[in-house]
Structures are given as C-alpha cells and as structure tokens.
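Reader: I would like to go through this model feature by feature. Please give the general idea before each case where there is one.

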Amino acid sequence: MPGPSDATVGLVQRLQDSPQRVADSIRASALWLAVLDGPLDAREFHEVGLALTHDPEGVPLHDIAAAFAAEPMPKDLPKLFRFLRGQRSAQRTVWLIDLYIRVAAADGRISQIERHALIFLSDLLAAPASLLQERFDAVLGLDFEPPADLGDPAFFDAAEAVAKARAARAAAREADAARAQAASAERREALLVLGVKPDATPIAIKAAWRRLSRQWHPDRQPQGDAAALAAAAARFDAVQKAWARLQEDDDA
Amino acid sequence: MRDLYARLGLGYGAEEPALRRAIAATPDAELARRAKAVLLQPERRAAHDAVYVVARGLRDWRVELLMEDGAWAQALADSDLVRPDLPPEPLVSPKGAGARRSWWRRWLGRA
C-alpha cells in the first residue's frame, strides 16, 4: 500500500505528465498554499477552483488536495516550483501573486505559515518585495505584515492578550443577552398582570393600571371579609409592581 | 524568525530535559529568556513548532532552488529561517528591559 510520500511523488510526476501542465501546476501550487496551515477549507478550495476555469483539469483538483493533505511538504515539490519559475512572466507573476493572496485569505485569516509561504512564492517568482505589499493592498485592502518571530515571547504575550480580550467581550455579550432575555420576560409578566397586549400603547397601559388600581384598592373592598381584603391587597400590590416595572422601560 | 533550536545547539523535537540543560548552559541571556518562555511552555511550543517545521522546510527549498538572494530574503535577513547563509547574530535584550527598577535602587546604583 503506498504511503503518503509515495502518493505525492506520484502527484508531482502526474503533474509533469499532464497535458495541462502549466494550469495544473498553478492550481497545485495554490492548493499547496491552502493546505499548508491545516485542513483544506472549502472556501480556499473554491477560490482555487475559480482560477483558470477556461483550462480543463489534467489532474483532478481533489486528487491534488488529497495528496497534499497526506504530505504538505513533499520532498520533490521543488521540481514543481522550478517549473513554475521557468514559466513566469511579468503579467503572470502579478496574476499568480493575486491568486495566492486570495487563496490564503479565503478562510478569513492569514496565518503565520501562510505568510512564510507567501514570501517564499514571491521570491520564487523573483518579484520585488514591494510587489507583494502592493498586491496585498490592492486585493485585500490591507498592509502585508511579514511573518512574526515566534521565537520571541512578545508574540505570544500579544496573541494571548488579544484572545483574552476577545473572550471577555464574548462573555459580556452573553451576559447582556441573558439580561435582555430576563428583562423581556419580566415585561411580558407585567403586561399579563395588567391584562394588556404586548403591543399596547402607553395610554392603554396607563388606563389598565388606573382601572385595576381602582378595582383592587383596599379602601374599595367590603371591610368585613378579611380573606377577600387580603386577596385584594395582594392583587393591588401586583398591579403597582407591574406598573413600576413598565415605567422602568418607559412603556408607560 | 530566530531558530531557537539551532542557537541552543539542539535539533527540532528535542526533549524537555535536553532543552533545560541547553538553556542553563547557554551564555546568551536573551536566548535563554526566549527559549524558557517559548519552548518550555507546551502550548506555545506547539504553536512555535507548527510554524518552525514549515519555515525550516521552506528554508531548505530556498537553498535547493538558489533563492537565498530573493527580495524577501534580503528584507528579512535577520531571520535564521529565511537567510541560512548568514551567521546568526547574538540575540540582544529589548531596550528598556532594565528600566523598571525602583527609584531607590537607581539611586543606590548611581552611588
């Protein structure tokens, strides 16, 4: 059974023998960039598929992706890069750098690995450093930042501070949502006590409050029945609390 | 990106005891500080190594494809993993690292 490296050796050979050798090699280099920093994202795959749609696939994209997923850094891949470098022209270099930038950014982030690969591909095409920065700005509207030094703890300190701040923001959003949900439930309850619809106007709410207050006011109850008096007092209190709750939201 | 493993005289994937011994033995204080803060913390080391493996592979391909004089290789000449042909310079402590002394320590230092 062939191992992963055998599969990619076969892949480079298939790319060399392909009748669409240039187009397939370009697609393969873009897919290599997409796979390099982890599992292939569907958006990155889609971006590669959108390139060179007028050229048929000599080697299916799925085969190339599967081979790189098994071995992202095959030993004989420089053969492919050497061929690509031999095929470069000024126009194709710009087009290729645009493609690589689009593929790297398709999953919504440019990882440190992709930054290393982008400067490698830029040097492979013998492009000046300013070209990558210029095309990055043109394609994404962002400044290209060279790969960070992961041997410097300051990188991790900054990344951890960002992650912590993001987690704090997410927790605050969740707390806000829970608070809003509780407030909404309290408001529904208050409207139920006053016997009005959720979309009642402030005038209707105030009218309901006045009517129920008159109805359940202790002074308006028959004074002989202690149980009825207590029940009316409880209803009166509930009506006043509901009214106070709705006033907090400026509903009344 | 500085090649901490090479600067410590170790290979990629060195075990933690070997790392500790190399850190204790290195005369470069800044290198020891960085290695302690990055390579001795498992999560940071995993993130570092994921990038290191690719950058190291690309560096070898740069040599194979005769790309040492590429534009980005010139721009990032202080990176061990882009310019393998240059001797690594010693790491230096960041400026202001010793500036957090209290006023009386500074006064004692002057005296």
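Reader: How is a pair of packed helices described, and what are the values for H6(A) and H7(A)?

Author: Two packed helices are described by the angle between their axes and the distance between those axes. In this predicted model, helix H6 (residues 90-105) of chain A packs against H7(A) at an angle of about 175°, and their axes are 11 Å apart. Angles over 145 degrees count as roughly antiparallel, so H6(A) and H7(A) are roughly antiparallel to each other.

Reader: Which residues of H6(A) and H7(A) meet?

Author: From H6(A) come A:Ile97, A:Tyr100 and A:Ala104, and from H7(A) come A:Glu114, A:Leu118, A:Leu121 and A:Ser122. By class, this contact of H6(A) with H7(A) has 5 nonpolar residues, 1 polar and 1 charged.

Reader: What are the angle and the axis distance where H7(A) packs with H4 of chain B?

Author: The angle between H7(A) and helix H4 (residues 42-64) of chain B is about 10°, and the axes are 9 Å apart. Since angles under 35 degrees count as roughly parallel, H7(A) is roughly parallel to H4(B). On the H7(A) side the contact involves A:Gln112, A:Ile113, A:His116, A:Ala117 and A:Phe120. H4(B) contributes B:Val51, B:Val54, B:Ala55 and B:Leu58. The residues of the contact of H7(A) with H4(B) divide into 7 nonpolar and 2 polar, with no charged residue.

Reader: How many residues of each chain are in contact across the whole interface?

Author: The size of an interface is often given as the accessible area lost when the parts come together. Here the description is a count of residues instead: 25 residues of chain A are in contact with 24 residues of chain B. On the chain A side, the elements that give two or more residues are helix H5 (77-86), helix H7 (112-124) and helix H9 (153-194). H7(A) supplies the largest share, 9 residues. The side of chain A that touches chain B has 17 nonpolar, 4 polar and 4 charged residues.

Reader: Which residues of the largest nonpolar core touch the most other members?

Author: The core has 52 residues, and those touching the most other members are A:Ala30, A:Leu31, A:Leu33, A:Ile64, A:Tyr100, A:Val103 and A:Ala117. Helix H2 (residues 21-35) of chain A gives the largest share of this core, 8 residues. Take A:Leu33 as a case: leaving aside neighbours within four places in sequence, A:Leu33 is in contact with A:Tyr100, A:Val103, A:Ala104, A:Glu114 and A:Ala117.

Reader: Into which domains is chain A divided?

Author: Chain A has domain 1 (4-140) and domain 2 (182-252). Taken over C-alpha atoms, the centres of these two domains of chain A are 70 Å apart.

Reader: Where in chain A does a residue other than glycine have a positive phi?

Author: One of them is A:Ala126, with phi near 55°. A:Ala126 lies in the loop between H7 and H8 of chain A, and is partly exposed, with 14 other C-beta atoms within 10 Å. A:Leu52 also has a positive phi, of about 55°, although it is not a glycine. A:Leu52 is found in the loop between helix H3 (42-50) and helix H4 (61-70) of chain A. With 18 C-beta neighbours inside 10 Å, A:Leu52 counts as partly exposed.

Reader: Is A:Glu145 buried or exposed?

Author: A:Glu145 has 11, so A:Glu145 is exposed. A:Glu145 sits in the loop between helix H8 (129-140) and H9 of chain A. The C-alpha atoms of A:Glu145 and A:Gln133, 12 residues apart along the chain, are separated by 8.4 Å.

Reader: Is B:Asp80 buried or exposed?

Author: The cut-off for a buried residue is 20 or more other C-beta atoms within 10 Å. B:Asp80 has 23, and is therefore buried, although its place is in the loop between helix H5 (71-75) and helix H6 (103-110) of chain B. Leaving aside neighbours within four places in sequence, B:Asp80 is in contact with B:Met1, B:Arg2, B:Asp3, B:Ala6 and B:Pro88. B:Asp80 and B:Met1 are 79 residues apart along the chain, and their C-alpha atoms are separated by 6.1 Å.

Reader: How many helices and strands does chain B have?

Author: Chain B has 6 helices and 0 strands. Of its 111 residues, 29% are buried.

Methods: Residues are numbered from 1 along each chain as its sequence is written. Chains are lettered from A and ligands numbered from 1 in the order in which they are written. This is a predicted model: local features need pLDDT of at least 70, side-chain atom pairs count only at pLDDT 80 or more; totals for chains, interfaces and linings use all residues. Two residues are in contact if their C-beta atoms, placed from the backbone, lie within 7 Å. Helices (H or I, at least four residues) and strands (E, at least two) are DSSP runs, numbered from the N terminus. Ala, Val, Leu, Ile, Met, Phe, Trp, Tyr, Cys and Pro count as nonpolar, Asp, Glu, Lys and Arg as charged, and the others, Gly among them, as polar. Domain bounds come from an automatic or database domain assignment. A nonpolar core is a set of buried Ala, Val, Leu, Ile, Met, Phe, Trp, Tyr and Cys residues joined through C-beta atoms within 7 Å. A residue is buried if 20 or more other C-beta atoms lie within 10 Å of its own, exposed if 12 or fewer, and partly exposed in between; C-beta atoms are placed from the backbone. Axes are lines fitted to C-alpha atoms, for helices over the stretch in contact, and angles run from 0 to 180 degrees between N-to-C directions. Angles under 35 degrees count as roughly parallel, over 145 as roughly antiparallel, 65 to 115 as roughly perpendicular and the rest as oblique.
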